[in-house]
Amino acid sequence: MNSSTLQVSGQWLSVLGLVIFFFTITSVSSTQPNLLRLSIRNQKLQREPATFSESVSEDFQTFYYNQTLDHFNYRPESYTTFEQRYVMNFKYWGGDNASAPIFVYLGAEADLDYDLPAVGFLTDNAPQFKALLVYIEHRYYGKSIPFGSRKEAFKDASSLGYFNSAQAIADYAEVILYLKRKLLAENSPVIVFGASYGGMLASWFRLKYPHVALGALASSAPILYFDDITPQNGYDSIVTKNFREISESCYRTISKSWSEIDRVASEPNGLSILGNKFRICDQLNNSGELKEFLERTYRTAAQYDSPPSYPVSMVCGGIDGAPEGNDTLSRVFAGVAALRGNLSCYNTSNTTDYPIETLEGWNWQTCSEMVIPMGRGNNDTMFPPAPFNLTAYNQDCTSLFGVPPRPYWVTSYYGGHDIELILRRFASNIIFSNGLRDPYSVGGVLKNISHSVVAIITVNGSHCLDIRGATSTDPEWLVMQRKAEVEIIEGWIAQYYADLHGITKLNDHV
């Protein structure tokens with residue numbers, strides 16, 4: 001096992017952002033609207049710094065675990081291994097003698113380097129718990145690449161077939177159990193944490209590996225946005241609600257802008273006119289490119305509508321603050337400029353916002369098992385209609401990868417239907433946290449299921465806000481949300497220690 005001090009480049013992070021990117025599967029864009037990636041925050045739009053201080057980064061050490069390729073088969077090729085990266089912070093740990101807890105962050109759909117600066121909840125609370133911090137990278141992302149290279153790993157469906165959530169959480173179980181043995185920390189309770197897709201993984205990990213993790217905090221985890229459990233237009237309905245609550249005139253301007261774009265596009269040189277009006281860097285090939293760019297802008301603003309910038313208010317401030325007499329599209333452009341900055345030109349492509357590995361990885365995941373049926377009808381949101389068509393989706397994904405998606409596998413393997421009834425007796429020690437301004441909250445668990453499977457919601461919260469680091473400008477409701485989460489975790493660990501003490505005492509008398 002190799003180790004080295006983790007070097008995090010602030011400049012690199014500020015260019016690429018912190019795992020928070022929106023993603024549209026180009027090949028299936030005709031079958032569902034722009035699906036935003038499940039990520040912790042959007043540093044680019046919120047214009048926030050994303051750097052580790054030298055004193056903090058020095059506390060993190062990088063290691064590699066010799067990971068099994070296939071946990072669920074016994075064919076010879078299943079025993080192939082690859083190096084999986086994980087990062088540890090020993091600074092606050094009380095040690096194995098005290099059975100001090102281990103906090104484990106489950107990496108999601110990005111290089112682990114992008115998660116580390118964003119997930120401040122763990123470092124903020126580690127001193128109080130005297131916790132060891134462990135961050136594990138998701139297979140096929142970052143430096144945790146099977147088959148020796150990205151080229152081989154992403155060559156075709158045969159090599160990508162090992163790239164799924166079940167394999168990923170089995171990876172996490174192997175690493176955690178290995179570390180507990182190596183550190184002689186068998187009695188240290190483990191709490192797993194995850195955000196967005198990683199939040200799904202955290203909740204599923206607790207369900208599948210209760211002997212490994214005592215509890216889970218699943219931040220903004222839309223585990224119910226599969227099959228027909230959640231209305232397909234749920235996401236965009238919340239986006240629409242967010243904009244309409246801020247400004248009725250802003251909402252109306254956006255709603256009527258789509259037909260205006262089509263009208264201008266149909267005129268002679270219409271696409272050039274639109275390109276000039278919106279300062280598009282490259283020539284528009286069709287009006288859909290501009291519409292998709294605007295959709296992503298509004299959706300990202302809504303998903304990450306957090307203090308202190310509040311992106312939805314920024315967009316509507318630009319639209320409503322445009323000089324009197326400006327036409328609809330000029331007002332819409334003013335909203336874009338208010339959010340993205342007054343640039344010389346704007347790139348409508350989303351492929352420049354993040355590394356190619358993120359595109360390729362999430363592309364495969366959404367074309368295999370992470371099929372989130374997101375669509376909308378006529379006049380049910382502020383966007384133009386874009387119904388979800390599973391048949392077309394299957395055809396496009398099959399054309400791209402040579403295999404069709406399995407849209408019902410997530411609920412078959414992890415559950416989701418009748419979740420209140422099923423998890424009431426079966427599950428325990430899971431926190432589902434959601435901010436109701438997050439459009440993905442519509443697919444989250446928003447009600448307590450039992451005394452220990454609980455939902456913590458905030459009316460004004462946005463995507464994964466609670467798991468980010470605390471700041472001096474955090475509103476009181478956010479402070480109280482995090483406090484409630486900490487108190488619940490304290491209760492889990494206290495009960496564990498009481499059980500451990502009781503069992504040890506009983507065994508001593510045998």
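Visitor: Are Cys-250 and Cys-316 buried or exposed?

Guide: Both Cys-250 and Cys-316 are buried, where buried means under 20% relative accessible area, exposed over 50%, and partly exposed in between (1.4 Å probe, protein chains only). Bear in mind that this is a predicted model, where local features need pLDDT of at least 70, side-chain atom pairs count only at pLDDT 80 or more, and totals for chains, interfaces and linings use all residues. Residues are numbered from 1 along each chain as its sequence is written, and side-chain values use heavy atoms, with hydrogens and water left out.

Visitor: What makes Cys-250 and Cys-316 a disulfide?

Guide: Their sulfur atoms sit 2.2 Å apart, and a disulfide is a pair of cysteine sulfur atoms within 2.5 Å, so the pair qualifies. Cys-250 belongs to helix 11 (residues 248–265) and Cys-316 to helix 14 (residues 311–320), so the link ties together parts 66 residues apart in sequence. Helices here are DSSP runs (H or I, at least four residues), numbered from the N terminus.

Visitor: Why is the disulfide of Cys-367 and Cys-397 called left-handed?

Guide: The torsion about its S-S bond is about -75°, so the disulfide is left-handed.

Terms used:
Helices (H or I, at least four residues) and strands (E, at least two) are DSSP runs, numbered from the N terminus.
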